Amino acid sequence: MTVHNTPEESLIVVKNLCKSFDDRSDGVLNNISINIKKGDLVSLIGPSGCGKSTFLRCLNCLELLDSGYIRIGDVELSRGDISRRPDAKMLEASHKMRAEVGMVFQGYNNLFPHKTVMQNVTLAPRVVKKMPEAEARETSMRILKKVGLENVADKYPSTLSGGESQRAAIARALAMNPKVMLYDEPTSALDPELVGEVLQVMKDLDSEGMTQIIVTHEMQFARDASDYIVFIDKGEIVEYDDGDILFTKPKNNRTKEFLRHFKGTGTAVNY
Amino acid sequence: MKNMLKMIAIFALLLFPARLASAGETLRWGGDSEGGFPYMFPNPSNTDEIIGFEIDIVDELTAYLGMTPEYVNNSWDNLIPGLERGLYDIAINGLEVTPEHEETVNFSIPYYKTFLQLAVRVETQDINVLDDCKNREVGTLKESYAQMVLEELGDVRIRTYIVEANTYEDLSNGRLDAALFDSPIAIYSAGFNPDIKFVGPPIGEITYAIAVSKENKELLAKINEAIVYLRDSGKLREIYDRWNLWSPMMAAEFNDYSPRKVDKTRYDEWAETRGPKLTLGRRLRRYAALLPSLGAAAIVTLQVSVTAMLIAIVLGLVLAIARVFAPKWVSVLSAAFVEFMRGTPVLIQLFFIFYGLPNVGIKLSPFWAGAVGLGLNYAAYEAEIYRAGLLAIPQTQWEAALALGMTHWQAMREVTLPQAVRVVIPPITNDFISLLKDSSLVSIITMVDLTKAYGQFAAAYYDYFGPGIIVAFIYLIIGLPFVKFSRYTERRLAEQDKDGKKSPGVNIYRMNTRWR
């Protein structure tokens with residue numbers, strides 16, 4: 001394995017993370033452990049229901065882990081086992097952790113439809129950080145320029161294209177100045193010609209040193225842009241490695257089997 | 001938020017002007033202005049004035065006692081419960097001394113005695129005495145002595161009425177075969193009606209007396225003293241002469257067989273208004289004269305409706321948030337409240353709040369009983385609308401807000417609630433229109449709203465047609481702005497969602513017609 005980060009040098013440390021659901025047999029995570037360095041761009045791939053989305057949701061505490069340990073920056077969250085009920089300390093930690101993490105969801109209807117693009121971006125800084133309106137607008141405009149949306153700042157989400165919506169969603173998350181950006185299949189609902197503009201934003205952020213974790217089916221993007229790719233199956237990390245190595249010489253048979261589906265299909269995308 | 005509070009404050013000022021304080025010794029007396037002629041009824045030539053032989057008796061009574069009469073209106077059915085509830089000190093409105101009544105209230109010595117009078121259409125030949133009523137359709141007043149008599153007779157198809165005028169109307173137009181009423185009602189309803197004749201001898205004996213609550217023994221003694229004085233001084237006889245209500249039975253009761261001393265002026269005035277058919281012009285002028293009173297009643301309707309709706313909107317939101325967000329047990333309580341209020345008739349709820357709650361020390365004015373009753377009932381419906389609105393917001397909206405670091409409360413306030421409110425405005429406005437109409441139910445708890453006013457005028461003029469159309473139009477006009485507002489909000493909502501998820505205000509069902 002060519003990728004090996006020690007916990008000490010990593011921004012994100014996950015140890016023995018377990019998560020299950022009462023009403024679902026899939027999406028269960030078993031003893032996930034991984035260390036991710038600052039500035040890394042990591043792609044999570046795997047078959048549907050393998051648990052990759054659940055993993056992301058655990059990282060920003062939309063799901064509370066059953067047991068295990070998560071550290072993002074200085075914020076730590078640990079739980080001995082599922083019988084330990086969430087206490088005030090855990091809730092506080094999970095709230096702090098969310099502040100360190102930006103998240104972009106699947107689909108493109110996740111902007112707040114009753115607010116303009118600008119209001120979408122300024123809302124959290126104003127409400128959560130109590131930032132003055134003028135300052136919030138100024139920062140937000142800078143971010144909107146970065147994702148190329150300065151011209152639609154005063155438009156309502158319903159008038160945007162899918163690609164613009166996802167870029168606005170990225171801008172909204174960036175406005176909280178997160179240490180890590182998480183993306184849950186950010187381009188899966190987009191028309192093919194719109195995928196590139198969203199992936200380009202992620203590449204730009206990567207070159208600025210943002211730490212990013214992306215659940216994706218864009219294999220070409222994962223291979224070209226990621227520092228490394230993590231293959232998850234049946235709630236376990238099967239293997240992770242540099243894209244070229246994983247795609248050409250997977251060690252595990254499950255990885256081989258999964259990647260076979262993408263051989264020769266048009267996964268390449270211009271971005 | 002501040003504006004909202006200001007608006008509520010202004011509403012409160014508009015709705016509840018300070019109550020006038022009453023001074024001196026007043027005698028609050030309860031009656032039903034719709035109770036009917038000749039007992040008490042709106043004067044046909046000036047409907048703001050209530051007249052009737054019982055009004056004259058109350059005037060003489062209070063004059064003798066040196067008290068100021070204060071009239072409290074209540075429906076006849078509820079006169080006795082209202083007395084127990086302390087809405088007034090005495091009740092007088094053709095209240096019969098019956099064993100059932102005597103269980104709950106005390107009665108004064110009688111001020112009038114009469115009998116039941118059978119009435120049929122002029123062409124009817126086969127009904128001459130009470131026994132002939134067997135297997136026939138007979139109308140009478142609800143919960144009256146006449147009803148009891150008919151029930152004892154057996155085999156009579158009894159139809160009970162609240163407004164006596166309706167009974168004779170139905171007798172005239174053939175829906176009934178006969179009508180059995182207290183003689184005064186019969187005289188004033190049909191004594192001058194060429195379609196109807198009185199048949200048979202006097203039936204039974206009816207004793208009218210003044211009802212006083214069981215506790216108020218002192219007042220009962222004073223009332224009795226006054227009645228004895230009025231009888232012995234001939235003042236009662238004068239009243240009965242004027243109203244054409246003196247009868248052999250009364251002569252025996254008062255031991256006064258002397259001839260009439262004053263003319264039956266009040267009866268003649270009454271018969272005059274029932275006389276030849278009104279011309280259209282006179283009828284329209286009469287309707288025009290009704291408008292100010294109907295306007296005042298419309299304001300009462302609007303006040304009750306708006307107050308009830310404000311209660312419903314605020315309480316409904318609290319209930320919905322409790323249902324969706326609060327801990328399990330609060331959520332269950334909220335759901336139980338909603339199901340209870342939706343599952344029981346609003347009429348029962350109003351009765352319970354107005355007449356039932358005083359038993360546990362909660363005494364609301366008629367206005368607040370009506371507003372709170374309707375408000376609680378509609379809050380249940382609004383809660384369900386809000387809840388549907390909140391649940392219609394996609395999960396990702398909530399998660400996106402939380403993922404941005406918002407607390408639950410912030411996510412609710414900034415993200416889900418504003419979207420839900422946008423969606424619920426049209427159905428809530430629709431509900432208000434429906435509440436406006438349901439507010440007619442407050443007429444049963446002594447409020448003179450639009451519906452009650454209609455009943456009063458219709459009873460006074462014996463005319464359900466014209467006033468009915470006018471009142472229907474007033475309801476329509478009050479509701480119209482809200483109908484418009486509802487349409488407007490629906491259209492706006494459709495425009496904001498024009499990304500294709502919802503129809504942009506085009507009636508898709510009509511589009512098919514282009515294919516034909």
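## Sheet and helices of chain B

Two residues are taken to be in contact if their C-beta atoms, placed from the backbone, lie within 7 Å. In this predicted model, helix α6 (residues 164-172) of chain B lies across β7, β8, β9, β10 and β11 of chain B, and runs at about 160° to β8(B).

The strands of chain B form an open sheet of five, in the order β9-β8-β10-β7-β11, with mixed pairing. Because β9 (157-161) and β11 (196-208) of chain B stand at the edges with a single partner strand each, one side of each is left without a neighbour in the sheet. From one strand to the next the twist averages 25°. Strand β7 (residues 112-121) of chain B pairs with β11(B) in the antiparallel sense over eight bridges, and L118(B) has V199(B) in β11(B) as its bridge partner. Helix α5 (residues 145-153) of chain B also packs on the sheet, where it touches β7, β8 (137-141), β9, β10 (178-182) and β11 of chain B, and its direction makes about 150° with that of β8(B).

## A helix pair in chain A

In chain A, the axes of helix α5 (residues 162-174) and helix α6 (residues 192-207) come within 8 Å and cross at roughly 15°, which means that α5(A) is roughly parallel to α6(A). The crossing is right-handed. To the contact α5(A) brings G162(A), G163(A), Q166(A), R167(A) and I170(A), while α6(A) brings L194(A), E197(A), V198(A) and V201(A); these residues divide into four nonpolar, three polar and two charged.

## Between the chains

The contact takes 18 residues from chain A and 20 residues from chain B. On the side of chain A that touches chain B, α2 (88-100) and α3 (117-127) of chain A each supply at least two residues, and α3(A) gives the most, with three residues. By class, this side of chain A has eleven nonpolar, six polar and one charged residues.

Key: Residues numbered from 1 in each chain as written. Chains lettered and ligands numbered in written order. Predicted model: local features only at pLDDT ≥ 70, side-chain atom pairs only at ≥ 80, totals over all residues. Axes fitted to C-alpha atoms, helices over the stretch in contact; angles between N-to-C directions. Helix = DSSP H or I, 4+ residues; strand = E, 2+ residues; numbered from the N terminus. Parallel < 35°, antiparallel > 145°, perpendicular 65-115°, else oblique. Left-handed = near helix turned anticlockwise from the far one by under 90°. Nonpolar A, V, L, I, M, F, W, Y, C, P; charged D, E, K, R; others polar. Pairing = 2+ DSSP bridges.
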